[in-house]
Amino acid sequence: MNETAPTETEVAIVGGGPVGLAMSLCLAAHGVRSIVLETRTTPSAHPRATMVNTRTMEILRWLRVDGEVRRAGAEIDSLARISFVTRMAGADLGAIDLLPSDSALMRMTGQSPVLPAICGQHLLESILAAALREQPGTRLASGWTATALTAGPEHGVRVPCVDSSGTTGTVVARYAVLAEGLHGPLREQVGIETATERVLGRLLDIHFTGELGPWVKDRRSALYWVANREVSGVVISVGPRTDEWLLEIPALDGDTQASLFDPDTDHLALIAAAVGADIGPTVRSVRTWTMATTTARRWRDATGRVFTAGDAAHTFPPTGGFGMNTGIQDAHNLAWKLAAVLRGRAGDALLDTYEAERRPVAAFNARQSEHNALRMRDFLERDAVPYAAALASDEGAARRELAPLIESHRPHFDFAGQALGFRYPGPERPVGTVVQDIVDYHPAAVPGALAPHAWLDGENGRLAVADCTGTGFALFTADSDGWTEAARAAKRPTPSRPTAPLPAPLRLVVVAPGDGAGPAQAWTDATGAFAEHYRLAAGEAVLVRPDGHVAARLPGTDPAGELAAALATATASVNTSAPSSADRELERTGRAR
């Protein structure tokens with residue numbers, strides 16, 4: 001057995017799925033070196049997740065891979081429908097239109113610089129892996145399995161590993177991120193236990209190819225919920241250009257479909273039952289798995305050196321498609337904080353805010369995913385099948401009866417508020433109000449919320465609010481007086497306090513009204529969205545973190561002092577300041593719109 005010399009890096013990442021790869025790419029964007037240890041030598045061929053929601057697409061845009069994701073899959077505007085059918089070649093039961101009008105499309109495009117996309121996880125993994133190989137200071141160690149992990153508050157982490165040939169090695173790092181999935185063994189080694197909160201049942205995934213064009217050309221959809229007496233489940237568009245599909249069949253709480261999970265199940269027969277026509281399908285892969293909500297009891301180990309992310313920290317049912325998305329967003333949140341601590345710009349307490357902020361979001365997504373799964377089970381078992389049978393005798397009456405039932409499922413599929421409207425906690429934002437409205441997103445520039453999207457025009461072109469952050473803080477104001485010198489002071493080192501953190505990277509962004517009135521060198525509010533969502537009072541400014549979430553609203557009575565205090569709070573602990581009357585009014589009016 002050969003042994004290699006220890007390999008040193010800053011962050012060791014265990015697991016090369018989408019979360020581990022995104023973690024490494026996010027760190028690289030901040031200039032942090034990492035190594036990803038992944039047992040597999042090639043990405044999984046099974047699609048698993050397919051929905052890439054708007055917030056995740058924003059992160060992928062920052063990583064400059066969103067275009068490849070769109071080309072590999074499809075943007076949601078081309079599949080903006082959820083169909084309910086007896087069979088793919090059978091009768092329509094109804095539909096949920098995600099973009100029922102031009103105004104709905106305009107509203108969606110105004111919420112973010114990107115649209116959500118349909119892209120199979122196996123394709124996304126390949127895109128992320130290719131991007132990672134181009135990054136200096138990173139390494140994707142395919143075929144290497146982490147066998148153990150030791151950590152200490154002083155010496156960092158050591159990760160012994162072995163490759164498929166038996167060669168052994170050790171990765172030595174300051175921190176480790178476990179993106180090893182639900183069944184990874186390393187969490188227990190560092191004292192992180194995982195609890196199963198609820199088991200809903202099992203899910204059968206059949207990945208297949210087949211020519212469904214004649215049956216979908218007039219009703220192209222992201223999902224086709226199928227309800228007939230032979231099978232109830234969903235056919236998912238995986239690769240619209242390659243005729244790839246995924247048939248998912250749930251069996252929840254003793255569901256009558258449980259027999260379909262027997263080893264001798266005829267998967268081609270299930271496809272035939274769901275399609276209702278001879279399409280000559282080819283089964284590419286089959287997967288069965290347990291649908292359950294699990295959570296790590298802690299997301300950071302006792303030494304402070306090891307973190308969990310993605311399925312290693314939480315799992316929930318796939319209904320809504322929030323599993324992979326939540327994990328990639330975990331990585332994005334943790335990356336800037338690790339970078340800030342590693343570069344001496346933040347105190348260690350900042351790393352505790354990772355779990356404090358992300359756990360409530362994951363818990364909300366878990367509960368909503370459970371709710372979606374149970375409601376869909378009731379629909380498929382108790383409502384859709386009887387109506388499907390009634391279609392033969394009175395199609396119009398059946399559809400009229402079914403329409404309100406179908407529409408009641410809109411939050412399962414139309415969830416802009418859940419994807420973009422989640423807010424990180426603080427005293428004024430209790431955990432119970434993580435998301436205010438699942439369907440409708442109400443942008444508001446209040447602490448904890450995602451900084452609302454707006455396009456800004458300048459001498460060198462157009463950029464989005466999100467382009468002003470990414471690797472540093474951004475300070476947005478309509479009035480440069482006072483804030484220009486405050487920003488300069490915030491970026492200067494403080495030699496009189498040698499033990500204080502280094503200044504955080506900071507960009508001052510002065511935004512003028514769309515009519516062009518305002519200070520010289522100001523960016524122009526291209527569409528009026530900035531004024532609408534930020535509602536800056538005279539002299540006021542909004543501080544936005546590197547991950548795009550609002551850190552504070554600063555009144556401007558003492559710009560230098562307010563900014564210094566806000567940056568110190570944002571780089572050391574969860575914001576504990578009480579909300580101002582302006583914050584409360586902005587939050588109230590944001591909900592009312």
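Me: At which residue does α10 bend by about 140 degrees?
Reply: This is a predicted model, in which local features need pLDDT of at least 70 and side-chain atom pairs count only at pLDDT 80 or more, while totals for chains, interfaces and linings use all residues. Residues are numbered from 1 along each chain as its sequence is written, and side-chain values use heavy atoms, with hydrogens and water left out. Helices (H or I, at least four residues) and strands (E, at least two) are DSSP runs numbered from the N terminus, and a bend is the angle between axes fitted to the seven residues ending at a residue and the seven starting there. On that basis, the bend of about 140 degrees in α10 falls at D394.

Me: How far apart are the end C-alpha atoms of helix α10?
Reply: Helix α10 covers residues 352-407, which is 56 residues. The expected span of a helix is 1.5 Å times one less than its number of residues, and a straight helix would here reach 82 Å. The end C-alpha atoms of α10 fall short of that, being only 41 Å apart.

Me: Which strands stand at the edges of the open sheet of 8 strands?
Reply: Two strands pair if DSSP finds at least two bridges between them, and the order in this sheet is β7-β6-β16-β17-β18-β15-β19-β21, with mixed pairing. Each edge strand has a single partner, so one side of it is left without a neighbour in the sheet. The edge strands are β7 (92-97) and β21 (314-315).

Me: Which residue of β13 is the bridge partner of R158?
Reply: β12 and β13 (residues 168-173) pair in the antiparallel sense over 6 bridges, and they form a hairpin with 4 residues between them, where G166 in the turn has a positive phi of about 95 degrees. In β13, the partner of R158 is V172.

Me: Which helix gives the most to the lining of the second largest pocket?
Reply: A pocket is an open set of points on a 1 Å grid over the protein atoms alone, with protein on both sides within 12 Å along at least five of seven lines, and lining residues have an atom within 4 Å of a point. The second largest pocket holds about 800 Å³ of space, and of its 37 lining residues the closest to its centre are A104, R107, M108, Q111 and Y441. With 7 residues, the helix that gives the most to this lining is α4.

Technical notes
1 Å grid on protein atoms, 1.4 Å probe; cavity = no way out; pocket = protein on both sides within 12 Å on 5 of 7 lines; lining within 4 Å. Points joined across faces, edges and corners; volume = space filled by probe spheres on them.
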